[in-house]
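Here are a few exercises to work through with the model open beside you. Try each task before you read its solution.

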Amino acid sequence: MTSTTDQVANFADLAATTLLRFATAGSVDDGKSTLVGRLLHDSKSVLTDQMEAVEAVSAQRGQEAPDLALLTDGLRAEREQGITIDVAYRYFATARRRFILADTPGHVQYTRNMVTGASTADLAVVLVDARNGVIEQTRRHAAVAALLRVPHVVLAVNKMDLVGYQESVFAAIAEEFTAYASDLGVPEITAIPISALAGDNVVDASANMDWYGGPTVLEHLETVPVSHDLTACPARFPVQYVIRPQSAEHPDYRGYAGQIASGVLRVGEAVTVLPSGRTSVIEGIDALGESVDIAWAPQSVTLRLKDDIDISRGDLIAPSANAPATTQDVEATVCHVADQPLAVGARVLIKHTTRTVKAIVKEIPSRLTLDDLSQHPNPGQLVANDIGRVVVRTAEPLALDAYADSRRTGSFLLIDPADGTTLAAGMAGESFASQAETTVQADEEGWDF
Amino acid sequence: MTTTVAHVHDETDAPYALSHLDALESEAVHIFREVAGEFEKPVILFSGGKDSIVMLHLALKAFAPAPVPFTLLHVDTGHNFPEVLEYRDRTVEKHGLRLHVASVQEYIDAGKLRERPDGTRNPLQTVPLTEAIQSLKFDAVFGGGRRDEEKARAKERVFSLRDEFSQWDPRRQRPELWQLYNGRHAPGEHVRVFPLSNWTELDVWQYIAREGIELPEIYFAHEREVFLRNGMWLTAGEWGGAKESETPETRLIRYRTVGDMSCTGAVDSDATTLDAVIAEIAVSRLTERGATRADDKMSEAAMEDRKREGYF
């Protein structure tokens, strides 16, 4: 209908911006809703009809100023109770970047909600009340960010207006948090003094804190690097679906469709298919309509191999030179996300990349207390929001990486086969929750994903 | 061998980066392929509106050069724009697809649904939709819902489990971790799948422009006889028209959403090209639904209430 060739140039700048996924964490009274509302409002991401709706409801309730928390609390029960029940996703954009914000509730079910938000986040904002400093909840949030290996953490020291905008208050909190989070292995921490209510250092630089020379929250979100050097990671390609048109036009086409989980794949590369161990060479890469010589994570592509070998959904294609080992004994840190407990001896399903297999929980060696990072040996079971170590025996071999090496091929779900409930979020390999004596070992290897 | 490195843009000049649109496209394709790999009988809800058109385009790319392994389902309110129905049928024909139609009119004629006093048929779609899912035994139903559309939709999962009554319970949703979607369900239950969850209205338009996707003409500015009701410009049709107190006039308008004619309003616009539409959306201070959908204005939680009942 409409020719698009000459229009592409006009909005190429917008389409070319990158995407940052981030999560917010903070307890109920830290002002998280106000910060989110302020970010949306001051970055002009709230449209007139949304703001009018908020103003109308606030006025109806007798509130003097529009309650910015109403911008994010979307459900009847949330608005009635004034609390956030579940993770919500918000979208906003500036000229420099697009954002997906996982707005996670800070109350009782904190751990599973924050794990959900953090699992796909490039960055986590941990909010602290300047009057209270680093509290238990702050340490819990830092620990979850470290476990989930969120690459960037922002400590937002809020309510600076209530401590006279004193540099010494901010510096003490920033120092304590940075020391704690670095010990857990958080690779990059940025501390920013803010007042979400007054708007200091959220979108606009504060006139009240001359002593602070760093970025505002939004400036940092706009400039933090999100593209990781994926060439450093070995390529992983979980096969999702086999494409076989069997049509007159494509009688012999057999393509393996999937999303590259990590690394780079090239035509001509020798590959191994797991768990079978069969080998072949990449003959072609179809990147959603065009033939390419090279593709990288997280592109969705279709691979064609030189040899007709038996490959199906759930298999993993990896470079022969750097293929993962397969195992039927999985050791991992899990966060339990269901209301029903997970006990030793439980028969479960494990969903890893595109493969779902039967498994049995052999052992629960320890349960972690996030508040003080202490380990409780052999708890017998895990209940909602517990984090613990598990040993699982699987019915078929899995090509599992350590979560430390790859968030995508090192993560899995445990599922209740009876009703399909997602029981636990698993992170394969070692973590600071593995052993009590390793709790405060910084990760020397760096973070590759 | 061709050497093409497509759509690489990054302000940091990193060697391996994906543009925003490529990242969204890649994610949506991954979701389509997951469903194809794990479900027995998926269906795409296809209304001929821009979101479902983008969904179909992504599905075509995801499985090329093989055909899309899904059928389509349209819930026809009986009050659709004729241009959109024409587009729908032409598209189905062009791609050799199979279309199921669930008809609100048939339900009314059979006495199974009653016309509302306000004449709006959007809320009436839920019953034909859920009955079609049950009788045709669909186990995965793709919808074009986006989280940026509405505050209740912001809470929606990509894979959203529905019980045998198609009900959505926002308090009992499965946590959705990493890109590991859990589609397990009991017989009779099904999963609603939203591949465009992370897209915004502007993303959809930019993608349409980049991919050169054809749209029904009502999305572009044209002169049309409309009348004002509850602050919205409506087009008369088989569903009804202006009352005595309402005066039809010819205006230059376009539609931002395509739905039931009785509750989908037009906006004043001179945007006749994709470029102009994108420029208009980029500076608009009204949300898509706030500007043009009467059904969302019925109460503060209208969308949530309809979703709970099984609406998409």
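**Exercise 1. The cores**

Which residues have the most contacts inside the largest nonpolar core, and how many residues does that core have?

Some ground rules before we start. This is a predicted model, so local features need pLDDT of at least 70 and side-chain atom pairs count only at pLDDT 80 or more, while totals for chains, interfaces and linings use all residues. Residues are numbered from 1 along each chain as its sequence is written, chains are lettered from A and ligands numbered from 1 in the order in which they are written, and side-chain values use heavy atoms, with hydrogens and water left out.

Step 1: A nonpolar core is a set of buried Ala, Val, Leu, Ile, Met, Phe, Trp, Tyr and Cys residues joined through side-chain atoms within 4.5 Å. Buried means under 20% relative accessible area, exposed over 50%, and partly exposed in between (1.4 Å probe, protein chains only).

Step 2: read off the core. It has 84 residues, and A:Phe22, A:Leu148 and A:Phe177 have the most contacts inside it. Helix H7 (residues 167-184) of chain A gives the most to this core, with eight residues. Helices (H or I, at least four residues) and strands (E, at least two) are DSSP runs, numbered from the N terminus.

Step 3: look for another one. A second, separate core of 64 residues includes B:Phe63, B:Val158, B:Leu202 and B:Tyr219.

**Exercise 2. A covered helix**

How many of the eleven residues of helix H6 (residues 201-211) of chain B are buried?

Step 1: count them. Ten of the eleven are buried, which leaves H6(B) mostly covered. Among them are B:Leu202, B:Trp205, B:Ile208 and B:Arg210.

Step 2: go just past the helix end. There, B:Gly212 takes a positive phi of about 65 degrees.

**Exercise 3. The sheet in chain B**

What is the strand order of the open six-stranded sheet in chain B, and which strands are at its edges?

Step 1: write the order down. It goes E3-E2-E1-E4-E6-E5, with mixed pairing. Two strands pair if DSSP finds at least two bridges between them.

Step 2: find the edges. Strand E3 (99-103) and strand E5 (159-162) of chain B each pair on one side only.

Step 3: zoom in on one pair. E1 (residues 42-45) and E4 (residues 140-142) of chain B run parallel and are joined by three bridges; B:Ile44 has B:Phe142 as its bridge partner in E4(B).

Step 4: H3 (residues 82-94) of chain B lies across E2 (71-76) and E3, running at about 165 degrees to E2(B). For such angles, axes are lines fitted to C-alpha atoms, for helices over the stretch in contact (heavy atoms within 4.5 Å), and values run from 0 to 180 degrees between N-to-C directions.

**Exercise 4. Salt bridges**

Is A:Arg355 buried or exposed, and which side chain does it meet in a salt bridge?

Step 1: set the cut-off. A salt bridge is a side-chain nitrogen of Lys or Arg within 4 Å of a carboxyl oxygen of Asp or Glu.

Step 2: find the partner. A:Arg355 meets A:Glu396 at 3.0 Å, N to O. The pair links distant parts of the chain, 41 residues apart, from strand E20 (residues 355-369) to strand E23 (residues 387-399) of chain A.

Step 3: check accessibility. A:Arg355 counts as buried because its relative accessible area is 14%, whereas A:Glu396 is partly exposed at 35%.
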